[in-house]
Amino acid sequence: MTNFASRPAGHTHAIVVGGGIAGVCTALELQRRGAKVRLIDRWEPGHARAASSDYNRIIRAISGRDEFYTTWVRQARHRWLELQAETGQKLYYENGTVILATEGQCSWEDATSETFDKLGVPYHRFSPEEVALRFPQFKVPDISYALYEPESGMIMAHRAVVSIAQLFEREGGVIERGHVSTDNNEQLLLEDKTLEADIIVVCTGAWMGEMFPRTIKPIGFVQGINVLYTSTPDGDASFDHTQMPCWIDHGQHSFGLPSVEGSGVKAAVVIPETIDIENDERLIKRESLGKTRSYIEKRLPKLIGERIVDSKFNGIIITPDTHFILDWHPEHEHVLLAGGCSGHLFKHGPVFGDFAAGVAMREYGTADRFKIAGRRKLSPKESPSGR
Ligand SMILES: Cc1cc2nc3c(=O)[nH]c(=O)nc-3n(C[C@H](O)[C@H](O)[C@H](O)COP(=O)(O)OP(=O)(O)OC[C@H]3O[C@@H](n4cnc5c(N)ncnc54)[C@H](O)[C@@H]3O)c2cc1C
């Protein structure tokens, strides 16, 4: 097996396929390790069909009993701050995240506080009365308690992808437009010719299953997620990020972010939905409009009557255990498959990209949890998402 790390800088030719958050971060980190890198995407990085689109994504360490992702997110927060300085762009708002622990269903939240105590992650535990005093935007008659993680918040997703792609180009990387396909042996092709490089890292998100029907499709279920943005009340700043945290509401299958840069309040009610990522329009269904409105009436009653001002619909790939995929293709030893987002990769982006680049350069092996083989469904107690 070739150890690319021992080659002189610039002698390793790497191709990264896919310019979502996984792809741009991996491309940047490969290049910083001395490889010559081409990033190929079907569309322009930042485009609206990718999962790495939309104004923002939550970054929070809250991961139940999972110490691995908790630690990664803590590292990622530093990396996002560094990227913010390097790009000169506002990428991170540290407005905190509150997790509402629904009465009778708190095992994941209980496990999170144990993990935080063990790893020294700062947090506060609030009673329902304290939540009502501190964050009067929320109505919380159904919770036992809430955990508040102050060193968390939101990453400006679209801006982050575009700025990291630009940073990669500024440091000498090449971005090309192209549709990479596979043949019957899952060999990679570009315009019907074999795609050639020392290393090829495939970061094609929810498209990965169709590209690798034998290797990835059996462990990659594609699901649609809707989000709706509701206008803040006229003349009222209490739903802005300066006064309101992001929130996770497991009991209501929901999560959300306050208004930032005028976006409106983002609320997602997760309704398991199929999506044909190739053909479906990125338009939300009426059903989700009704469900989100009733959720808002219940949880954020001061927004009753406010208008929906924006909406997004996009697809994610979910693995059985909700762990990412980062492993060599079983038949093509220079092809590394990197993704399997399971709805939580964005926040990890810079750490995932760094780790993926090290695996690609054969500096170390991948983590057991990211291997393609041996995936099994986890119970909500074991799963990092608690579902
Ligand atoms: C509504 C919603 C809310 C979310 N909220 C959060 C959150 O709060 N926090 C969080 O951490 N995560 C969140 N996520 C998940 C996160 O956004 C994803 O995990 C992450 O963006 C996945 O990135 P990716 O690079 O793997 O895939 P993508 O962003 O989908 O990128 C894949 C890229 O590959 C390209 N591509 C595909 N096929 C080919 C091909 N054949 N040839 C060339 N290029 C190709 C595509 O054009 C695309 O640019 C959310 C996701 C959604 C949809």
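How many Å separate the centres of domain 1 and domain 2, taken over C-alpha atoms? The centres are 30 Å apart.

1. Basis. This is a predicted model, in which local features need pLDDT of at least 70 and side-chain atom pairs count only at pLDDT 80 or more, while totals for chains, interfaces and linings use all residues. Residue numbers start from 1 along each chain, as its sequence is written.

2. Domains. The protein chain is assigned domain 1 (4–52 + 157–219 + 320–370) and domain 2 (94–153 + 221–316); such bounds come from an automatic or database domain assignment. To the contact between them, domain 1 gives 9 residues and domain 2 gives 6 residues (two residues are in contact if their C-beta atoms, placed from the backbone, lie within 7 Å). On the side of domain 1 that touches domain 2, 5 residues are nonpolar, 3 polar and 1 charged. Here Ala, Val, Leu, Ile, Met, Phe, Trp, Tyr, Cys and Pro count as nonpolar, Asp, Glu, Lys and Arg as charged, and the others, Gly among them, as polar.

3. Sheet. An open sheet of 6 strands runs in the order β9-β2-β1-β13-β20-β19, with mixed pairing. Strands are DSSP runs (E, at least two residues), as helices are (H or I, at least four), numbered from the N terminus; two strands pair if DSSP finds at least two bridges between them. Because β9 (174–177) and β19 (325–328) each have a single partner strand, they stand at the edges, and one side of each has no neighbour in the sheet.

4. Inside the sheet. Strands β13 (residues 199–202) and β20 (residues 335–339) run parallel and are joined by 3 bridges. Opposite Val201 stands Leu336 in β20.

5. Core. The largest nonpolar core has 113 residues, and Val16, Ala146, Val201, Ala338 and Ala360 have the most contacts inside it. Such a core is a set of buried Ala, Val, Leu, Ile, Met, Phe, Trp, Tyr and Cys residues joined through C-beta atoms within 7 Å. At least three residues of this core come from each of domain 1 and domain 2. Beyond its neighbours within four places in sequence, Ala338 is in contact with residues including Ala22, Val201, Ile325 and Ala356.

6. Ile219. This residue lies in the loop between α6 (208–211) and β14 (221–230). Ile219 counts as buried because it has 22 C-beta neighbours inside 10 Å (buried means 20 or more other C-beta atoms within 10 Å of its own, exposed 12 or fewer, partly exposed in between, with C-beta atoms placed from the backbone). Leaving aside neighbours within four places in sequence, Ile219 is in contact with Thr319, Pro320, Ile372 and Arg375. Ile219 and Arg375 are 156 residues apart along the chain, yet 7.3 Å separate their C-alpha atoms.
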